[in-house]
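Colleague: I would like to know what stands behind some of the words used for this model. Could you take me through them?

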Amino acid sequence: MRARPFLLWHRWFGIVGGLWLFVIAFTGCFLVFYSELDRALNPDLFQARLSTSAVDAPLALVLAAAETAHPGATATYLRLPQRAGDTMLVYLNDRADSPGAVGEDGREVYVDPASMRIQGDRVYGEWTLERSSIMPFVYKLHYELHGGEWVYWLFGILAMLWTIDHFIAVPLALRSAKQWTDTFKLRKNVRGYKRTFDLHRSGGMWMLPITAVLAFSGVYFNLHDEFMAVLKPISAPTVAVAETHPTLAEPLYAPPVDADAALAAAQAARPGLKASGLGYDAAKGLWSIFAHDERDLVADYGARTLTVDARGGQVLGDMHFSEGTAGDVLVAWQYPLHSGKAFGWTGRILILMAGIATCLLVVTGYVLWWRKLLARRRHGARGQTQISRALQPAE
């Protein structure tokens, strides 16, 4: 195998993409503990002042409280309390007839279900120095650098190149070792360039299975439509009822079947249903009831979705995100694997280690490149000096 083309690919991918990878990996290390850090920083948002246990509050009143506080906005999602004493999270978006009510990024509103008082709100990912915005800001920095659509494309292409680079890095690592086991080791009694090289090679090889998963799932998250277009002819994911349901002539902002009635309809149709949240699509007049299920791949959100007609209360669909075609299963595993939550704390710690290792790979890669560049320049300067002396006339 001629290694030079592969070495050039690996080197230039690292030089051009390294800075972006470092930012993604560095912010991702914090996102491993997103929920825990966000709760620790903002207890005033998550812990209800009056509620001491899960309150069976009228959901319609919770939604109304959030919408009243922001005229022109409509509730699109309601997260039920995750634990006893929690607030309820209402996510607001602009109504079609009120652009700018809360902005294109929407607003999170935290409501105490016992008093219906709003304990706080925030625009997700906005540029502020407020404590409540720190973790959403880091999250948005991670997936789009606060740059909008063009960054999705940039990160999606970067993720594809990173995925390819994993297949190139392995033969390069093996070629540079006497035995394949050497690629996982740090040599003894070496310093400088060789020590940096060993850190680069062994760090990459130890974490390669995990970083490869992160790279591939990065393609899915950033180039979602393109990913699904490629997947569809191979194994088409199941089409949800909400996707095929016709759009109404006018958005239905005050549905006859409110949140409480929609949840009751879902629970009547599926006794024992453990709801985790509700979504509402005013353009189609549909409620989505999200529920925890024994088939869930992660514990922090329900992957089962029941679709309820907001005009008549009929249950139109019941599907679980992780079941169906092979395409459904592939898509369902992307977030659990990317976050590490599919394997609990063990998985999350591995993702943290992969993030730290990626930062190390970027830094050591730049150091190796810079040292080689300086060595070439010194060698070139010496060569030029020798040639000049050889061309000088003898005295």
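Modeller: Contact here means heavy atoms within 4.5 Å. The model is predicted. In it, Tyr34, Leu37, Asp38 and Leu41 of helix H2 are in contact with Ile134, Met135, Pro136 and Tyr139 of helix H5.

Colleague: What makes the contact of H2 with H5 nonpolar, polar or charged in its residues?

Modeller: Seven of its residues are nonpolar, one is charged and none is polar. Asp counts as charged, while Leu, Ile, Met, Pro and Tyr count as nonpolar.

Colleague: Why are H2 and H5 called roughly antiparallel?

Modeller: The axes of H2 (residues 34-41) and H5 (residues 134-144) cross at roughly 150° and come within 9 Å. Angles over 145 degrees count as roughly antiparallel, so that is the term for H2 and H5.

Colleague: Why does Tyr366 count as partly exposed?

Modeller: Buried would need under 20% relative accessible area and exposed over 50%. Tyr366 has 27%, and therefore counts as partly exposed. Tyr366 belongs to helix H12 (residues 344-391).

Colleague: Which residues does Tyr366 touch, leaving out those up to four places away in sequence?

Modeller: Tyr366 touches Gly14, Ile15, Gly18 and Leu19. Leu19 lies 347 residues from Tyr366 along the chain, yet their C-alpha atoms are 9.6 Å apart.

Colleague: How do you know that helix H7 falls short of a straight helix?

Modeller: H7 (residues 192-222) has 31 residues, and at 1.5 Å a residue a straight helix would reach 45 Å. The end C-alpha atoms of H7 are only 38 Å apart.

Colleague: Where in H7 is the kink?

Modeller: The kink, of about 70°, is at Leu208, shortly before the proline Pro209.

Definitions and conventions. Residues numbered from 1 in each chain as written. Predicted model: local features only at pLDDT ≥ 70, side-chain atom pairs only at ≥ 80, totals over all residues. Heavy atoms only, no water. Axes fitted to C-alpha atoms, helices over the stretch in contact; angles between N-to-C directions. Helix = DSSP H or I, 4+ residues; strand = E, 2+ residues; numbered from the N terminus. Parallel < 35°, antiparallel > 145°, perpendicular 65-115°, else oblique. Buried < 20%, exposed > 50% of the residue type's maximum accessible area, 1.4 Å probe, protein only. Expected span 1.5 Å × (residues − 1). Bend = angle between axes of the 7 residues up to and from the residue.
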